[in-house]
Amino acid sequence: MDETDQLRQRVRQLIQSMPVPQREFAAAIGLDQTKLSKALNGARRFSPHELVRVAEYSGVTVNWLLNGSDDAKTVTAVPAPAAGTASDPDDLAHSEPRRRILETAWQLIAERGYHRVRIADIAQACGTSTAAIHYHFPTKTEVLDEALRRNVKLAFDRQVAELHAVPGAHDRLLKLVELQLPTEGLLRAEWSVWLQVWNEVALDPRLRSLYTDSYDRWYQTILMTIRTGQEQGVFRLADPEAATAQLTALIDGLGIQVLTGRPGSTVGAMRAHLHDFIDRSIVQGA
């Protein structure tokens with residue numbers, strides 16, 4: 001059985017484990033039921049976006065879908081246990097209410113800000129009670145913790161789905177940049193949550209350990225990509241660690257400027273600055 005067949009088998013396993021029929025599963029991941037059937041039968045491939053949606057809705061990782069394990073070696077760094085989420089295909093029915101609460105809370109935090117979201121707001125948006133929210137998240141701080149873990153999972157899923165078939169380190173690094181731009185929609189919402197986590201971490205040292213584990217996954221992904229580029233002979237820089245520190249700091253700073261509306265700061269300008277840095281400092285070597 002090849003990797004594609006194994007992927008289809010895992011998706012079928014997820015569908016069978018869900019407390020909804022296949023047509024509702026298709027609708028939940030934003031896919032026409034006919035297209036889902038064709039993908040399951042081998043008549044078409046799942047797109048990277050579809051893999052991310054399958055993983056998100058089912059409570060597994062794209063790494064598990066593609067490779068059978070959350071910790072399988074892949075093209076991007078794997079989250080540390082404290083910052084990651086474990087796939088459990090046999091417990092999807094039980095996890096569905098928690099997934100829905102977290103997804104709603106995450107969206108509210110991204111839109112309104114952490115301190116403007118109450119447990120009662122999450123309950124109202126979910127159509128449930130505050131007691132139901134507290135059952136899964138006893139405190140509001142735990143909601144923020146899980147929102148951060150969700151950010152890590154979304155980025156990890158998206159990177160694995162998009163990059164697993166990109167062999168060249170240069171193309172992979174440019175794709176990583178593209179996946180980190182705060183474009184409208186999901187990526188901007190992720191950036192909004194990150195900004196609020198940064199603020200809370202600065203004020204509450206208890207959150208720093210989780211944040212460090214979370215951020216390190218992104219840092220290590222850039223570092224391993226740059227080192228791969230050196231091995232492939234496409235990057236000529238002398239110090240991968242220094243280049244990684246500079247590039248991640250540049251991404252953070254430019255992203256904050258875009259989100260805060262600094263005059264002249266746009267996603268397009270951010271992309272151009274990052275491509276210029278990669279070309280001058282990594283491809284050519286500073």
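The second largest pocket of this predicted model has a volume of about 300 Å³, where a pocket is an open set of points on a 1 Å grid over the protein atoms alone, fitting a 1.4 Å probe, with protein on both sides within 12 Å along at least five of seven lines. Grid points are joined across faces, edges and corners, and a volume is the space filled by probe spheres set on the points. Thirteen residues line this pocket (each with an atom within 4 Å of a point), and Thr4, Leu7, Arg45, Leu66 and His164 lie nearest its centre. The helix α1 (3-17) gives the most to this lining, with four residues; helices are DSSP runs (H or I, at least four residues) numbered from the N terminus.

Local features need pLDDT of at least 70 and side-chain atom pairs count only at pLDDT 80 or more, whereas totals for chains, interfaces and linings use all residues. Residues are numbered from 1 along each chain as its sequence is written, and side-chain values use heavy atoms, with hydrogens and water left out.

The largest pocket holds about 470 Å³ of space. Its lining comprises 20 residues, with Gly59, Thr85, Ser95, Arg98 and Arg99 closest to the centre. Seven residues, the largest share of this lining, come from α6.

Three cavities of 30 Å³ or more are found in the whole structure, a cavity being a set of points where the 1.4 Å probe fits but cannot get out. The largest cavity contains about 200 Å³ of space. Among its 16 lining residues, Ala155, Gln180, Glu190, Trp194 and Trp218 lie nearest the centre. The largest share of the lining of this cavity, five residues, is provided by α11.

Key: Helices (H or I, at least four residues) and strands (E, at least two) are DSSP runs, numbered from the N terminus.
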